[in-house]
Amino acid sequence: RADAALAPGGVARGGEMRRGFLGAAPPKRAETPPEPRGDPEDGLGFDRAFERALLAQEAGRATEASSSSSDRTLGVTLRSSAANAASLDGALTRHWPHGHVIVPSADGHADNLMLMLHGRGDVPAPFAKLARSMALPRTCCVALQGPHPIPFVDDGRAWFTFMDQESFEPIDGSDPTDTRRVDSLDRVVTRLANLIDALTDPDADADADDAAPTPTWPRSRVHLFGFSDGGTVALTVLTRAHAERKGRLGGCATVCASLLPEQIKSLVSRERDDGSSGDDGSSGAPTPVTLTAGESDRVVSVSSVRETADVLIDANPGHVASIHATPGKGHAMVGGERGEGEMRHLMEFWSLTLW
């Protein structure tokens, strides 16, 4: 059923999803009492009334709780007081000191957390603006800033090394002995994985001096959304999480992004050497993925996006990856005259994966 929903305008692959993946009906939620939810400018907009409403919802769905111990709470973990922007901002600053923008959920709920990763040479602000315009229900969005400044580019940031620091020539992955790009990518993925761990472990910042506890989410409600190099980082985060058997994330959506050629070669070589897929299925359901592409993109070609989807599926049995290619679109973020179908595809994906 979920595969059919992902198919319009794109290519859905991966066959039947595992039980409890995306095919299950969404859980019933109690109606939230019509009480004030705090100042929308004050971070996540939580106040005591909203905290009571969330706790009441949690009590009402106890019989529907997941078998996963980390899924025992609805949305953010609420301990001694309601989660607020100050505590989330503090956690982000500790674990991702490169910069971020928090976009609270428009409806006052924060059952989902979406980490948004911009493209090379960009900053978080445009992604934060997109988050506000999309107004995804029950979702707090955080636009992260890439860690590396780019020479001669005002304010623009990169996620990993992409050029020689002396000659400024691009690193294209054609030299198998040149691991600078992949090594740099691995380092930033480690940092981002640590951030996700901190935002999904209620005890990660137990010793922090924050006035309010750090809000946390179950891993299955943390989502990644990345453009170009930011999408490459997002795809690498989820593949590593699956390989390390950390449990799946809620979903990963990318725009004009693929795994690096070096990564694809490594994964294909590993599968060939093993004589089987990269996973025996014991690590649980992999993170659902959708990839959108521009058929006229000369930076990240449609073929590389399709190859990425193929590798993800081959490496992870039961994986579901969908592709949506937009005719005439180049290397650009969602929007413009050609962006309506692409945005509709993304919204269909999030309607299936967001809590």
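Mentor: Let us begin with the residues that are covered in helix 6. The buried residues of this helix are Asp229, Gly230, Gly231, Thr232, Val233, Ala234, Leu235, Thr236, Val237, Leu238, Ala241 and His242. The model is a predicted one, and the description should be read with that in mind. In helix 6, twelve of the 15 residues are buried, so the helix is largely enclosed by the rest of the structure. Helix 6 covers residues 229–243, and the distance from its first C-alpha to its last is 21 Å, close to the 21 Å expected at 1.5 Å a residue.

Asp178 is joined to Arg180 by a salt bridge whose closest N and O atoms are 2.8 Å apart. Asp178 is buried, with a relative accessible area of 17%, whereas Arg180 is partly exposed at 35%. Arg344 forms a salt bridge with Glu340, and here the closest N and O atoms are 3.1 Å apart. Both residues lie in helix 9 (residues 339–353), and because they are four residues apart, about one helical turn separates them. Arg344 counts as partly exposed at 44% relative accessibility, while Glu340 counts as exposed at 58%. Salt bridges with shared partners also join Asp197, Arg219, Glu244 and Lys246 into one network. The search of the whole structure finds ten salt bridges.

For a strand that is likewise covered, consider strand 4, residues 139–144, in which six of six residues are buried. Thr139, Cys141 and Ala143 point one way from this strand, Cys140, Val142 and Leu144 point the other way, and all of them are buried. In a regular strand the side chains alternate between the two faces of the sheet. Strand 4 has a partner in strand 2 (residues 100–103), to which four bridges join it in the antiparallel sense; there, His100 stands opposite Leu144. Strand 4 also pairs with strand 3 (residues 112–117), in the parallel sense and over six bridges, with Leu117 as the bridge partner of Leu144. Between strand 3 and strand 4 the chain passes through helix 4 (residues 124–134), and this β-α-β crossover is right-handed.

These parts can finally be placed in the whole chain. The protein chain has nine helices and ten strands, and 51% of its 355 residues count as buried. Of the contacts between residues at least 6 apart in sequence, 76% join residues at least 24 apart. The accessible surface of the chain comes to about 16,000 Å², and carbon and sulfur atoms account for 51% of it.

Definitions and conventions:
Residues are numbered from 1 along each chain as its sequence is written. This is a predicted model: local features need pLDDT of at least 70, side-chain atom pairs count only at pLDDT 80 or more; totals for chains, interfaces and linings use all residues. Side-chain values use heavy atoms; hydrogens and water are left out. Helices (H or I, at least four residues) and strands (E, at least two) are DSSP runs, numbered from the N terminus. Buried means under 20% relative accessible area, exposed over 50%, partly exposed in between (1.4 Å probe, protein chains only). Contact means heavy atoms within 4.5 Å. Accessible areas come from the Shrake-Rupley method with a 1.4 Å probe; for residues, only the protein chains shown count as cover. Two strands pair if DSSP finds at least two bridges between them. A crossover is right-handed if, with the strands pointing away from the viewer, the path from the first strand over the helix to the second runs clockwise. The expected span of a helix is 1.5 Å times one less than its number of residues. A salt bridge is a side-chain nitrogen of Lys or Arg within 4 Å of a carboxyl oxygen of Asp or Glu.
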